[in-house]
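Me: I'm new to this one and would like to go through it piece by piece. Could you show it to me first?

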Amino acid sequence: MSKRITIDPITRIEGHLRIDVEVDGGKVTKAWSSGQMWRGVELILLGRDPRDAWAITQRICGVCTTVHAITSVRAVENALNLEIPVNAQYIRNMIIAAHAIHDAIVHFYHLSALDWVDVVSALKADPLKAAQLAESLSDWPLNNRHVMTQTLEKLKTFVGSGQLGPFTNGYWGHPAMKLSPEVNLMAVAHYLQALDAQRHASKIVTLLGSKSPHIQNVAVGGVSNPIATDSQSVLTVERLLALKPHMDALSDFIRQVYLVDVSAIGAFYADWTKYGAGVTNYLSCPDFPMDTKGTQFLTPGGYIPGADISKYQPITAFGDAFLRDGVEESVKHAWYEYSKPGPLHPYKGETKPHYTDFQDEGKYSWLKAPTFYGKRAQVGPLANVLCGIAAGHQPTITYANKVLDTASSLLGSKIPLTAMHSTIGRHAARAIRTGVMAEVMTQNWSTLIDNIGKGDFKTFNKPTFPKGEVMGYGFHEAPRGLLSHWTVIRDGKIANYQCVVPSTWNAGPRDENDAIGPYEASLMDNPIADAELPLEVLRTVHSFDPCLACAVHVVEDNKEVVQVKAL
Amino acid sequence: MKARPFMRVVVLGVGNILLSDEGVGVHAVNRLEELYELPAEVEIIDGGTSGMDCLDQVSNADYLVIADCMRSKKEPGTITRLTGDQIPAFFKTRISPHQVGLSDMLGALNFHDMLPKNIILYGVEPESFALGMEPTPAVAARLPELVAKLVAELTEIGVTILPKAA
């Protein structure tokens with residue numbers, strides 16, 4: 001007999017997500033993903049100056065601040081056919097990379113590692129053995145026995161105080177927790193070190209963006225950082241040089257800790273490479289433009305249908321028609337209504353709420369269901385890494401091999417690339433992409449310094465808005481995947497604005513053809529050991545790094561505790 | 001009370017300014033920065049809805065003063081002051097959607113022994129979270145009082161704070 005489980009809300013994410021699953025014979029047989037908040041930021045933007053849109057859209061969400069700012073200016077620049085100076089691209093690229101690295105580290109260590117790491121079990125660890133293990137995996141200097149002993153002491157004090165704080169809602173002692181006490185202790189030590197590491201990323205964003213978390217330096221037409229070699233108030237060479245130690249510290253942590261930990265967790269939980277594939281049409285976009293127009297990028301992106309990387313089709317430039325013409329959103333199962341039947345292209349998108357109850361076969365989410373040429377697509381680092389491999393992008397291939405080789409040697413058997421189509425594969429892909437971005441960040445730093453050395457200080461091209469109507473869209477390979485903003489500008493004012501965000505692609509409900517979305521598909525056949533403690537559902541959902549604040553936005557939230565209802 | 005040398009005070013406004021009263025904390029710190037000269041030991045952060053991104057600035061502060069909206073079933077605009085041990089209890093219930101980030105940040109700092117030595121929270125009861133970039137009249141009317149309370153709090157801590165010349 002089947003059993004219905006409702007998890008509402010999913011914790012340790014931004015925003016409000018409800019997941020329902022039906023479990024039969026210890027496995028998930030049906031799934032629903034429901035965004036429980038309504039987002040109406042598009043409505044706030046109507047009639048406003050397009051030059052202000054970036055500052056408003058970066059307020060949609062507390063996690064993805066800079067990504068909306070960047071995508072918004074790209075959309076307006078695309079509408080105006082405006083090129084921006086290369087210095088502005090390099091500065092934006094460094095902010096993008098630092099922000100994304102920050103996001104990946106926080107997501108892995110502080111939000112989702114607790115699905116795999118049993119903190120309480122770490123109390124039983126032998127710190128000497130934990131240090132031996134950690135030192136055998138990496139030459140990171142903070143893997144020694146002193147660090148492991150200190151971590152154990154700290155954990156004992158913390159658990160002894162009764163205030164579990166960030167670890168309160170963990171599934172300690174759950175049968176699906178498989179790591180040895182020593183691996184758990186190593187993970188807790190790295191959890192603490194990750195807090196230090198992510199501060200370097202924040203520093204980079206602050207130094208370049210003038211302020212953090214909400215950057216101030218972006219502008220339609222470039223960035224507002226004047227570059228000079230002699231003034232204190234602007235971006236000086238001295239300030240640029242101050243970035244480098246932070247970049248180096250981040251790179252070390254990513255290479256010596258993050259990539260290694262993800263490989264180890266992947267090896268110890270190798271059974272999880274069998275679950276969570278879901279929708280295997282993958283969509284991502286190129287990013288880190290190095291020219292004024294956005295035709296040359298440091299990381300590639302495109303579309304892969306049905307997990308077949310030989311069928312990869314690239315997206316090649318800002319304004320790319322293949323991407324532009326393929327996107328539609330359906331509201332058949334979402335709490336909106338359109339003025340006519342069928343899905344709509346974002347330029348024609350409508351934001352008119354129409355709430356019903358949670359209807360299993362009808363409307364059940366505040367998220368719309370996006371499709372690419374009529375098909376559901378998974379977005380995110382996994383999509384990007386697979387596109388990188390398909391495109392022959394060497395840095396992606398190098399880091400992917402490193403992760404797969406490390407995990408294979410720990411497991412004692414070869415883990416193929418196809419294992420990436422899984423819950424654990426999404427974590428691996430995020431780490432691989434983060435390794436690539438650390439290189440990209442440093443590369444942009446050197447390129448900027450070289451270019452300034454040649455006497456080019458330009459950072460801004462002034463936009464002019466024509467009479468009449470123009471349309472444009474901007475894309476960005478954000479931490480959670482393909483983000484696009486679409487705008488129609490009439491007489492210099494915003495006439496329509498739609499954000500098609502990564503979590504809408506992944507967490508969206510059933511579509512016009514009643515096909516299930518990536519979250520829903522990825523939950524199918526997941527094992528459920530205990531219906532009262534559905535840790536497995538959280539593992540798969542968290543692997544996408546859900547961030548619902550921009551996928552939908554708040555109306556009301558009176559539920560004060562997490563409810564897991566097993567009916 | 002006299003401020004110790006090298007004291008660090010962080011005033012953090014949190015909230016979503018796109019959702020009317022949800023953004024009251026951000027409006028308050030922006031106004032504080034606009035109207036007053038603040039000495040170097042005071043850092044004002046417009047935290048928006050972010051959590052972990054503020055960790056670096058908040059860690060090891062001597063004082064963290066938070067301005068936020070807080071649902072506690074009082075009259076809209078009511079200002080409540082919470083300190084120390086009262087604050088974790090406040091975070092156990094999700095009163096506004098961005099507390100996930102802020103409570104995670106404070107939890108992480110606590111585990112890392114970098115929690116600010118003193119935490120004071122000013123919460124304003126919201127009337128509405130409807131879409132809009134301005135607070136409702138009931139909450140907007142209390143904004144000057146909230147700013148005055150923040151000024152008084154800073155003065156009590158020992159910070160010299162003066163109105164900007166008009």
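Me: How do strand β1 (residues 3–8) of chain A and β2(A) pair?

Reply: This is a predicted model, and in it strand β1 (residues 3–8) of chain A pairs with β2(A) in the antiparallel sense, over five bridges. One residue pair to look for is A:Arg4, whose bridge partner in β2(A) is A:Glu22.

Me: And what joins β2(A) to strand β3 (residues 27–35) of chain A?

Reply: Eight bridges join β2(A) to strand β3 (residues 27–35) of chain A, and the two run antiparallel; A:Ile19, for instance, stands opposite A:Ser33 in β3(A). β2(A) and β3(A) form a hairpin with two residues between the strands, where A:Gly25 takes a positive phi near 60°.

Me: How many residues of strand β2 (residues 17–24) of chain A are buried?

Reply: Six of the eight residues of β2(A) are buried, so the strand is largely enclosed by the rest of the structure.

Me: Remind me what holds paired strands together in general?

Reply: Strands of a sheet pair through backbone hydrogen bonds, and the pairing can be either parallel or antiparallel.

Me: What comes after that, between β14(A) and β15(A)?

Reply: Seven bridges join β14(A) to β15(A), and these strands run antiparallel. They too form a hairpin, with two residues between them, and A:Asp491 in the turn has a positive phi of about 50°. As for burial, nine of the ten residues of strand β14 (residues 481–490) of chain A are buried, so this strand is largely enclosed by the rest of the structure.

Me: Where is A:Val500 in all this?

Reply: A:Val500 lies in strand β15 (residues 493–500) of chain A, where A:Val500 is the bridge partner of A:Ser484.

Me: Why does A:Val500 count as buried?

Reply: A:Val500 counts as buried because it has 24 C-beta neighbours inside 10 Å, and the cut-off for that label is 20 or more.

Me: How far is A:Val500 from A:Ala131?

Reply: Their C-alpha atoms are separated by 45 Å, and the two residues are 369 residues apart along the chain.

Me: Switching to helices, how do helix α8 (residues 237–268) and helix α12 (residues 423–453) of chain A pack?

Reply: They pack at an angle of about 160°, with their axes 10 Å apart. That angle makes α8(A) roughly antiparallel to α12(A), since the label applies to angles over 145 degrees. By class, the contact of α8(A) with α12(A) has 18 nonpolar, six polar and two charged residues.

Me: Is that crossing left-handed or right-handed?

Reply: α8(A) passes α12(A) in a left-handed crossing.

Me: What about helix α5 (residues 127–137) and helix α6 (residues 145–160) of chain A?

Reply: Those two pack at an angle of about 130°, with their axes 8 Å apart. This makes α5(A) oblique to α6(A), and α5(A) passes α6(A) in a right-handed crossing.

Me: Stepping back, how many helices and strands are there in chain A?

Reply: Chain A has 15 helices and 16 strands. The radius of gyration of chain A is 23 Å, close to the 24 Å that the globule rule gives for 567 residues, so the chain is as compact as a globular protein of that length. The C-alpha trace of chain A spans about 70 × 60 × 50 Å along its principal axes, and buried residues make up 58% of the 567 residues.

Me: And what does chain B have?

Reply: Chain B has six helices and seven strands, and buried residues make up 48% of its 166 residues. An open sheet of five strands in chain B has the order β3-β1-β4-β6-β5, with mixed pairing.

Me: Which strands stand at the edges of that sheet?

Reply: β3 (42–48) and β5 (79–83) of chain B stand there, each with a single partner strand, so one side of each is left without a neighbour in the sheet. Neighbouring strands of this sheet are turned by 15° against each other on average, direction ignored. Strand β1 (residues 9–14) of chain B pairs with β3(B) in the parallel sense over six bridges, and B:Val11 stands opposite B:Ile44 in β3(B).

Methods. Residues numbered from 1 in each chain as written. Chains lettered and ligands numbered in written order. Predicted model: local features only at pLDDT ≥ 70, side-chain atom pairs only at ≥ 80, totals over all residues. Axes fitted to C-alpha atoms, helices over the stretch in contact; angles between N-to-C directions. Helix = DSSP H or I, 4+ residues; strand = E, 2+ residues; numbered from the N terminus. Parallel < 35°, antiparallel > 145°, perpendicular 65-115°, else oblique. Left-handed = near helix turned anticlockwise from the far one by under 90°. Nonpolar A, V, L, I, M, F, W, Y, C, P; charged D, E, K, R; others polar. Buried ≥ 20, exposed ≤ 12 C-beta atoms within 10 Å, placed from the backbone. Pairing = 2+ DSSP bridges. Rg over C-alpha atoms; globule rule 2.2 N^0.38 Å.
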